[in-house]
Amino acid sequence: PARKWAPWSSKLWKNTKNHGTTIISIFYFIERLESIMAEMKDVFAKAESKMNKSIDHLMEEYAAIRAGRANPAVLDHIMVNYYDTPTPINQLAAVSVTEARVLTIQPWDMSVLRGIEKAIQTSDLGVNPQNDGKVIRLVFPPLNEERRKELTKDVSKLGEEAKVAIRAIRRDAIEKLKEMKKAGDITEDDLKQAEKKIQDLTDKYVKNAEDCAQKKEKEIMAI
């Protein structure tokens, strides 16, 4: 079937037919079409970028969940007052996993050792730091069954929040496409095809969030 052109293009060709096709009119048609196509691609690209960031944020949240194993990521949100500037521990010290449940923190500047210890003590990490004057050790106790179940609930909640965020991105992208349709830049067929593409992206990233949640839950229950 013949392609249904957007109102702006049909009007342009009608005008050029009445007044004679000119090179300027053809160039305008091509530029306008390219501009609209670029705008649509931008809608898709921005939506996917935002959805990807939602997954990245979810992974950061999961990495910070203390699951009974030593994981340097649990320190990412703990800030140390270093010369009156809140500074992440990993910018002040080498953090390494020396045993399955032991993190070792070796400051590059020994004067900050006490500050790191204090920051950990006042955080919600729930592990008491062991300071021997040179390094700090964090020994993570194994999780009991009750605590594991609590953590899996937290994991599920974070996964649901990520899916809600992804669907909100879909809604915003579709609203933008509808505005283009209302302005006469794209046809109804264009809109339907674009909505399907956005929905496919949404399904992909929602599935990704679900997979991340299931993987984290298995990790917690297997410890």
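**Reading a helix and a sheet**

Modeller: Helices here are DSSP runs of H or I with at least four residues, strands are runs of E with at least two, and both are numbered from the N terminus. The model is predicted: local features need pLDDT of at least 70, side-chain atom pairs count only at pLDDT 80 or more, and totals for chains, interfaces and linings use all residues. Residue numbers run from 1 along each chain as its sequence is written, and side-chain values use heavy atoms, without hydrogens or water.

Biologist: How many residues does helix 4 have, and how far does it reach?

Modeller: An α-helix has 3.6 residues a turn. Helix 4 has 38 residues. From first C-alpha to last, helix 4 reaches 56 Å, close to the 56 Å expected at 1.5 Å a residue (1.5 Å times one less than the residue count).

Biologist: In what order do the strands of the open sheet stand?

Modeller: Strands of a sheet pair through backbone hydrogen bonds. Here, 4 strands stand in the order 3-4-6-5, with antiparallel pairing (a pair needs at least two DSSP bridges).

Biologist: Which strands stand at the edges?

Modeller: Strand 3 (93-99) and strand 5 (130-131). Each has a single partner strand, so one side of each lacks a neighbour in the sheet.

Biologist: What joins strand 5 to strand 6?

Modeller: Strand 5 and strand 6 (residues 136-139) run antiparallel, joined by 2 bridges. N131 has I136 of strand 6 as its bridge partner.
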